[in-house]
Amino acid sequence: MFAEASLSIWGWGGLGVVLFLITFGPFAIFYLAFYIFCFIGGGFAVTLLYGKINSEKHLEKCEQSYLPPTQIGIPKTLDEMKLEMKPIKIDRRLTGSSFIDEPLQQVIQFALRDYIQYWYYTLSEDESFLLEIRQTLQNALVQFSTRSKEVDWQPYFTTRLVDDFATHLRVFRKAQDRLAEREDKQRDITEELVDSFFEAEVEMERKVCRDVVCTSHKDEEGFLRDLCELLLYLLLPPGDFHNKNMRYFLREVLARGVLLPLINQLSDPDYINQFVIWMIRDSSCNYEAFMNILKLTDKPAELEICDDNKLRNRQ
């Protein structure tokens, strides 16, 4: 029974195909497939166009209803950036004294040249960034000068500074005495003197020892950076201090461009000798002052140096 049903289906199907080909021709199948493809493609195209039009109308309604208006800040900022920048005027007065302001201006100029300008000009030729850094440095110096005028320097120079200098000399002489008492001098005498100095400093100061800062160049730079950051916190306005890029620039310029070269110069023995010679060039040491100096010393070596015969032989 199933065979008869399938045979009838194939028979009627084949008859329909033959009649279709006789009626519409041999290419009717291709035309039918093309018509079906055009019908489906047209349906998709109409659906897309209809959805696009309705979506645009809906977005226009939504934009007019609750969306905020378009911001004009960015185009306005771009237009202002295209305009010619006005030159920034910098007041060169720092302390009120031209004898001090001019050298300070030279120090600022050299620091900017050696630590910022040599790489900044490879990125940009705009001078506003350099002028802002210079202005911030000058504001810090003005604040430092203003606050320095409020300090009573007389007690510091007459008591504390003298005591610190005398303590330093006592520590150094104590280190020399320890070095002279040691019998085993296997290491370099300079290293032994440095170790003895800081050991004596710990004993006299008890809670203070500066051996790490004084013997390690890296730790010295870190200490100066921390010191400069503390000074910037005290001298700069909050807005400039919380600007990390500006603060780091100023910290490095002050630490490596100002304080570190200053400390190296003041630590140079030749510079100290030349400074002492300059100070006593116009002053004469009389007999009474010379005898008081000899009475205050307790070192035989220093007294031997002052021997008249030796002084005449050297002359």
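This is a predicted model: local features need pLDDT of at least 70, side-chain atom pairs count only at pLDDT 80 or more; totals for chains, interfaces and linings use all residues.
Q: Why is T167 called buried?
A: Buried means under 20% relative accessible area, exposed over 50%, and partly exposed in between (1.4 Å probe, protein chains only). T167 has a relative accessible area of 17%, so T167 is buried. Buried residues make up 16% of the 315 residues in the protein.

Q: What makes the pairing of the T167 and R170 side chains a polar contact?
A: The term requires a pair of N or O atoms within 3.5 Å; within protein, one must be able to donate a hydrogen and the other to accept it, and residues adjacent in sequence count only if both atoms are side-chain atoms. The two side chains meet at 3.1 Å, and therefore qualify.

Q: Why is the aromatic pair of W119 and F249 called stacked?
A: Rings of Phe, Tyr and Trp (its six-membered ring) pair if their centres lie within 6.5 Å; planes under 30 degrees apart count as stacked, over 60 as edge-to-face and the rest as tilted. The structure holds 11 aromatic pairs. For W119 and F249, the centres lie 5.6 Å apart with 15° between the planes, so the pair is stacked. The pair links distant parts of the chain, with W119 in helix α4 and F249 in helix α11, 130 residues apart.

Q: Why is the pair of Y233 and F241 edge-to-face?
A: Their centres are 5.3 Å apart and the angle between the planes is 70°, so the pair is edge-to-face. Y233 is exposed, with a relative accessible area of 54%, whereas F241 is buried at 12%.

Q: What makes the charged end of R247 sit over the ring of F241?
A: A charge sits over a ring if NZ of Lys or CZ of Arg is within 6 Å of the ring centre and within 35 degrees of the ring normal. The charged end of R247 lies 4.6 Å from the centre of the F241 ring and is assigned as sitting over it.

Methods
Residues are numbered from 1 along each chain as its sequence is written. Side-chain values use heavy atoms; hydrogens and water are left out. Helices (H or I, at least four residues) and strands (E, at least two) are DSSP runs, numbered from the N terminus.
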